[in-house]
Amino acid sequence: MASEVLVANEAQLFDRLDEQKPDALLQLIALCDADTRPDKIDVGVGVYRDSAGGTPILRAVKKAERILWETQQTKAYLGSQGDARFTELIRPIVFGEGLAADERIVGLQTPGGCGALRLGADLIAKANPKARIHVGQPTWPNHAPLIECAGVEMVFYDYYDREARRILFDRMTDALEAAAPGDLVLLHGCCHNPTGADLELDQWREIAGIVARRGLIPFVDLAYQGLGNGLEEDAAGTRLVVEAAEQALIAQSCDKNFGVYRERTGSLFVKGSSRRNAGIAFGNLLQLARTMWSMPPDHGAAVARIVLDDPALRADWQAELGEMCARIRALRARLAAYDERLAYIDGQNGMFSMLPLSPAQVLALREEKGIYMAGSGRFNVVGLSDDNVDLFAAAVVEKMDG
Ligand code: LMR
């Protein structure tokens, strides 16, 4: 009898789970792949596309992969910090030479920017189970579930007015002025996802001032460095807030700027209030990483390390990243020139902008024209090409009129 009850309870384990909807963005990839219309337009998921619609492997990455294949002698474990040389090379790219020398900043390799965000959120929850983080809306759809999973309380404020196509900077500063000392603030370092609407440098300065005055802790998501206005320009805001703050977290990704998406390549940096404090945070990061993924995947970081350690490959990577950035800017300018209602797109940065379309209008564009964009109206600017940018603009403007 007792063993029968035991079996029945065990059988119920997964019956306790709620059904989950598939991730909307990942589902969009599958839906678009399954569409056989030759003129479909994929402006869904955030990957770079060239003028032929492909996502090629970067020249320097391809060369580095060959070098790796020829020279790598072992695949033995590296440890929870991953490739330490990779993190050392990423550090000045993110912080600039001056701030990179700050010994209160520690870092380790993570599985992509997502892994960095999750590890950072877990560190926050471990340090303070009552921690709160202020999150501007809209934000990347995975931010909230990821932070929630780690158990950090979220407080939302409105960041962007989709209809007026502008940042609600007053709402942002009001929210941060009202935040309690020790509260965290999630910030998009550049190329805001999903709106493309970045803070101006003066606004970053103001945020840095509030962070310092109110004792807030920035948690910066820097996933698109180099795809907005250039590597240095795109890190300027991050550097200002990190410098101003006593403590900070920075989730960095190479998935986009090295085009190594599926290799999951990123890093998490933490600024402590002292060298000792940072060292303790680092020890905790290693321990948390060990329980989640033990060690990050090596390939993407090894390739990025080879590129960054070789002056010729590094120069070629920067040149190609510059070409990618210029292509995004040119597409933005072309959309903006098409109709004054799209003019705002040229003033925004990175892969994304957001159209003031309802979910029903987004669905209609998909069904009628084969245009695939997120339900929020977010679209990937660089999913367009010279051949279809005007068609896309015409379809969108027609829907706005409708
Ligand atoms: C995106 O926002 O499209 C990308 O960051 C891909 C992802 O993981 O959501």
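How do the residues of the shell around the ligand divide into nonpolar, polar and charged? They divide into four nonpolar, two polar and two charged, where Ala, Val, Leu, Ile, Met, Phe, Trp, Tyr, Cys and Pro count as nonpolar, Asp, Glu, Lys and Arg as charged, and the others, Gly among them, as polar. The model is predicted: local features need pLDDT of at least 70 and side-chain atom pairs count only at pLDDT 80 or more, while totals for chains, interfaces and linings use all residues. Residues are numbered from 1 along each chain as its sequence is written, and side-chain values use heavy atoms, with hydrogens and water left out.

The chain is divided into domain 1 (22–57 + 325–401) and domain 2 (77–309), with bounds that come from an automatic or database domain assignment. Their C-alpha centres lie 27 Å apart. The contact between them, meaning heavy atoms within 4.5 Å, takes 24 residues from domain 1 and 21 residues from domain 2.

Both domains give residues to the shell around the ligand, so the ligand lies between them. The surrounding residues are L25, V45, G46, W140, N193, Y224, K256 and R378; a residue is near the ligand if one of its heavy atoms lies within 4 Å of it. For W140, a polar side-chain atom lies 3.0 Å from a ligand oxygen. The corresponding distance from an N or O atom in the side chain of K256 is 3.1 Å, and from one in the side chain of Y224 it is 3.4 Å. Taken alone the ligand exposes 260 Å², of which the protein buries 76%; accessible areas come from the Shrake-Rupley method with a 1.4 Å probe, and for residues only the protein chains shown count as cover.

Y48 sits in the loop between β1 (41–42) and α3 (59–71). Helices (H or I, at least four residues) and strands (E, at least two) are DSSP runs, numbered from the N terminus. At 8% relative accessibility Y48 counts as buried, on a scale where buried means under 20% relative accessible area, exposed over 50%, and partly exposed in between (1.4 Å probe, protein chains only). Not counting residues up to four places away in sequence, Y48 touches several residues, including Y261, R327 and V382. Its side chain makes a polar contact of 3.5 Å with the side chain of R327. Y261 is 213 residues from Y48 in sequence, yet their C-alpha atoms are 10.0 Å apart.

Three further buried positions can be taken in turn. D122 lies in helix α5 (residues 112–127) and has a relative accessible area of 15%. Beyond four places in sequence, D122 touches A150, L288 and M292.

D183 is in the loop between α7 (169–178) and β7 (184–188), and is buried at 7%. The side chain of D183 makes a polar contact with that of R132 at 2.6 Å. With residues up to four places away set aside, D183 touches R132, H134, L216 and I217.

A248 belongs to strand β9 (residues 248–253), where its relative accessible area is 1%. Among the residues A248 touches, not counting those up to four places away in sequence, are I217, P218 and F269. A248 and D390 are 142 residues apart in sequence and 43 Å apart in space, C-alpha to C-alpha.

Conventions: A polar contact is a pair of N or O atoms within 3.5 Å; within protein, one must be able to donate a hydrogen and the other to accept it, and residues adjacent in sequence count only if both atoms are side-chain atoms.
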